[in-house]
Amino acid sequence: MRGPVRGYREPDAPAPVAAMVGMEGGRRAMISFDHVGKHYAGRHVLDDVSLTIERGSFVALVGASGAGKTTLLKAINRLVEIDTGTIAIEGRDVAAQPVAELRRRIGYVFQGIGLFPHMSVAENVALVPRLQGVPREERAARVAELLDLVALPADFAERRPAQLSGGQAQRVGFARALAARPAIMLMDEPFGALDPVTRDELGAAYRALHEAMGLTSLIVTHDMAEALLLADRVIVIGEGRILADQPPRALIHGAGDPRIEAMIAVARRSAARLDAIAAGR
Ligand SMILES: Nc1ncnc2c1ncn2[C@@H]1O[C@H](COP(=O)(O)OP(=O)(O)OP(=O)(O)O)[C@@H](O)[C@H]1O
């Protein structure tokens, strides 16, 4: 992708100016969870979750397998329907909105991406704009712009998904999600299947796009280091509840909960070991 490929944003740096426009005395809420509950077979998967995500923020959802991260994310675009409580986007209850319309305004990227195999890259990227009635020439221009933005050569437009590497397909997935000009991007382990270098590059490049496009971004990841390096705010989920909700620096300095301390310790130990190897210790 274009933009600074290396060097994530300083984790606790202030929010982009675009995100602050039109606010009085605080950041404006983009997504609000109000006492949200979800259960499967009598077991709580989301247990009375209340949460506000501000416009322009970059939030990581971390936690053990089965903690409820994906459920929380999918409740926003109604791939999962909640049992109790309310989720609102800019004050409008998502349950009261036509689902297709809601999803077209929310970019969604997940591991393995789900490109349509019988369509070219260009057709995949232009799918939602086509459904939105964007004229053909404008769609072609948008595809070219988006492929450039995610640093794929223009001639990739005619390729089929089977002719792409995993990292290239994931870039197309980002381009497709951004094609409808969403205000919100939901990402579920979007870098999970990639090699570490591509993962790092794509993460940093997406962070730059987030800034440039004034997006509100939520990423689900197992990887605490990735969450701490990418996000402005890290929400740790455990058994359907919020165990911690802090900026990276604050979380590193005192998570309190031993389960979270353990996740941070893993990231710290890897960094310390690398330093020790580099120093010849
Ligand atoms: N459709 C479903 N029917 C029954 N149980 C489900 C369903 N979807 C999810 N669950 C259960 O809900 C719990 C939370 O799942 P969820 O996918 O949100 O967890 P997660 O934190 O994203 O996990 P992972 O990191 O492994 O993806 C899990 O115990 C899972 O088995």
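Reply: Strand β9 (residues 233–238) pairs with strand β10 (residues 241–246) in the antiparallel sense, over five bridges. Two strands are said to pair if DSSP finds at least two bridges between them. Strands are DSSP runs of E with at least two residues, helices are runs of H or I with at least four, and both are numbered from the N terminus. This is a predicted model, in which local features need pLDDT of at least 70 and side-chain atom pairs count only at pLDDT 80 or more, while totals for chains, interfaces and linings use all residues. Residues are numbered from 1 along each chain as its sequence is written.

Within this pair, Ile-237 has Ile-242 in β10 as its bridge partner. The two strands form a hairpin with two residues between them, and Glu-239 in the turn has a positive phi of about 50°.

The protein as a whole has 11 helices and 10 strands. Four of the strands form an open antiparallel sheet in the order β2-β1-β4-β5. At its edges stand β2 (43–54) and β5 (92–93), each with a single partner strand, so one side of each has no neighbour in the sheet. Strands β1 (residues 29–40) and β4 (residues 84–89) run antiparallel and are joined by five bridges; here Asp-34 stands opposite Thr-86 in β4.

Parallel pairing is found around β7. Strand β6 pairs with β7 in the parallel sense over five bridges, and Ile-106 stands opposite Ile-184 in β7. Five bridges also join β7 to strand β8 (residues 216–220), again running parallel, with Ile-219 in β8 as the bridge partner of Met-187. In general, strands of a sheet pair through backbone hydrogen bonds, either parallel or antiparallel.

Five of the five residues of β7 are buried, so the strand is largely enclosed by the rest of the structure. A residue is buried if 20 or more other C-beta atoms, placed from the backbone, lie within 10 Å of its own, exposed if 12 or fewer do, and partly exposed in between. Ile-184, Leu-186 and Asp-188 lie on one face of β7, and Met-185 and Met-187 on the other; both faces are covered.

Apart from neighbours within four places in sequence, Leu-186 is in contact with Leu-73, Ile-76, Asn-77, Ile-106, Gly-107, Tyr-108 and Leu-218. Two residues are in contact if their C-beta atoms, placed from the backbone, lie within 7 Å.

Leu-186 also belongs to the largest nonpolar core, which has 74 residues; it is one of the members that touch the most others, along with Ala-60, Leu-61, Val-125, Leu-146, Ala-175 and Val-234. Such a core is a set of buried Ala, Val, Leu, Ile, Met, Phe, Trp, Tyr and Cys residues joined through C-beta atoms within 7 Å. Helix α7 (residues 166–178) supplies the largest share of this core, six residues.

In α7, 10 of the 13 residues are buried, so this helix too is largely enclosed by the rest of the structure. Among the buried residues are Gln-170, Arg-171, Phe-174 and Ala-175. Their cover includes β6 (106–110), β7 (184–188) and α8 (196–213).
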